[in-house]
Amino acid sequence: MKVSIIGIGSVGSAVATAVQNTGLARDMVLFDRDAMRARAAAEDLGHAASFCWDINIRAASHYRDIRGSDVVIIAAGANQKPGETRTDLLHKNVAVIRDIIPHVMANVNAATVKLIIVTNPLDVMVMLAQKLSGLPAGRVIGTGTMLDSARLRTILARGLGASTQSINAYVLGEHGDSSVINWTSATVGAIGLDDFCRQTKNPITAATRRTIEYRVRNAAYEIIQGRGATWDGIGAAVADCLTCIARDEHRILTVSTVTGTGRTAVALSMPAIVGADGVSAVLTPKMSAAETKALAQSARIIRTNFDAIGK
């Protein structure tokens with residue numbers, strides 16, 4: 001598999017490391033407008049690769065070098081700074097995506113390529129990339145709420161004394177402040193979350209749920225405040241999505257893809273089946289009336305932001 005990563009800043013570099021560690025890419029291109037940064041990243045990661053996987057890692061500052069890519073990962077753009085929301089990046093990164101996508105599409109096979117979008121605000125960028133690329137919606141995939149869902153599972157696992165691998169709990173909607181925790185469908189193993197809590201005498205009260213929701217939505221802000229940026233979590237999310245594609249796993253991930261048509265089209269995260277052809281199905285989990293209402297509001301926010309960027 002040939003994988004190209006566009007944008008080799010802190011996030012793109014973390015993505016490259018995570019992808020390299022999967023062992024699934026045999027050819028990886030690190031593209032950045034800063035040729036020196038791309039070369040340095042390729043050299044550094046190439047040295048690291050000698051300890052694990054046999055992979056050809058090349059730097060690029062010309063789009064022709066991504067030809068033959070099976071997957072192109074877009075990680076370019078401005079990152080969140082302390083005090084900024086993802087939406088604050090909207091107009092900065094719209095210009096970035098508008099510049100990148102035509103160049104990418106001129107150098108890949110549109111019949112087979114998959115795009116993985118990392119750039120924030122994620123859902124709007126997915127909509128824009130899908131529109132500009134002309135690719136089927138299922139082959140333009142945003143990492144969506146994969147990381148948000150991982151944060152939720154981690155918090156629940158710590159509180160419940162269970163492995164994160166046994167917890168199925170999803171964050172839906174926007175990868176942002178209007179995200180929605182799908183408490184109704186959450187399970188531990190095959191047991192509903194509420195039933196598990198009753199059986200283990202470890203209740204999650206309404207107040208605890210509100211605290212968890214706050215922690216999930218604000219995790220990125222806290223990490224940015226202390227570290228300057230988030231990168232390891234998103235790198236792992238991209239690698240997991242790539243693994244589903246490379247191995248045709250048909251695993252369910254909360255990725256962001258465009259659903260609907262015309263003025264009703266919107267990209268937001270729902271449980272989706274991901275395999276070699278990208279997203280093959282988007283699923284609707286059981287939700288409470290409050291969760292359904294909150295998800296609709298999240299979709300309206302994403303669509304409003306997309307409409308604000310103009311044609």
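I am working from a predicted model, and I began at the start of helix H2, where I found that Asp-34 caps the N-terminal end. A side-chain oxygen of Asp-34 lies 3.1 Å from the backbone nitrogen of Met-36.

I then followed H2 along its length: the helix runs over residues 35–49, which makes 15 residues, and it reaches 21 Å from its first C-alpha to its last, close to the 21 Å expected at 1.5 Å a residue.

Which residues of H2 are buried? I listed Ala-38, Ala-41, Ala-42, Leu-45 and Ala-49. They lie on the same side of H2, because they cover an arc of only 100 degrees around the axis. I noted beside this that an α-helix has 3.6 residues a turn, so residues three or four places apart point the same way. The buried residues of H2 pack against helix H1 (10–22), strand S2 (27–31) and strand S3 (56–60), whereas the face turned away from the buried side carries the exposed residues Met-36 and Asp-44.

Next I turned to Ser-4, which I found in strand S1 (residues 2–6). Ser-4 is buried, with a relative accessible area of 0%, and I recorded a polar contact of 2.7 Å that joins its side chain to that of Ser-69. Leaving aside the neighbours within four places in sequence, I found Ser-4 in contact with Val-29, Ile-66, Ser-69, Val-71, Val-72 and Ile-73.

I looked at open space after that, and noted a volume of about 480 Å³ for the largest pocket. This pocket is lined by 20 residues, of which Ala-150, Arg-153, Asp-240, Arg-251 and Leu-253 lie nearest its centre. Which element gives the largest share of this lining? It is H5, with 6 residues, while helix H5 (146–160), strand S7 (167–168), helix H8 (232–246) and strand S12 (251–259) each supply at least two residues of the lining.

Notes
Residues are numbered from 1 along each chain as its sequence is written. This is a predicted model: local features need pLDDT of at least 70, side-chain atom pairs count only at pLDDT 80 or more; totals for chains, interfaces and linings use all residues. Side-chain values use heavy atoms; hydrogens and water are left out. Helices (H or I, at least four residues) and strands (E, at least two) are DSSP runs, numbered from the N terminus. The expected span of a helix is 1.5 Å times one less than its number of residues. Buried means under 20% relative accessible area, exposed over 50%, partly exposed in between (1.4 Å probe, protein chains only). The arc is that of the directions from the helix axis to the C-beta atoms. Contact means heavy atoms within 4.5 Å. A polar contact is a pair of N or O atoms within 3.5 Å; within protein, one must be able to donate a hydrogen and the other to accept it, and residues adjacent in sequence count only if both atoms are side-chain atoms. On a 1 Å grid over the protein atoms alone, a cavity is a set of points where a 1.4 Å probe fits but cannot get out, and a pocket is an open set with protein on both sides within 12 Å along at least five of seven lines; lining residues have an atom within 4 Å of a point. Grid points are joined across faces, edges and corners, and a volume is the space filled by probe spheres set on the points.
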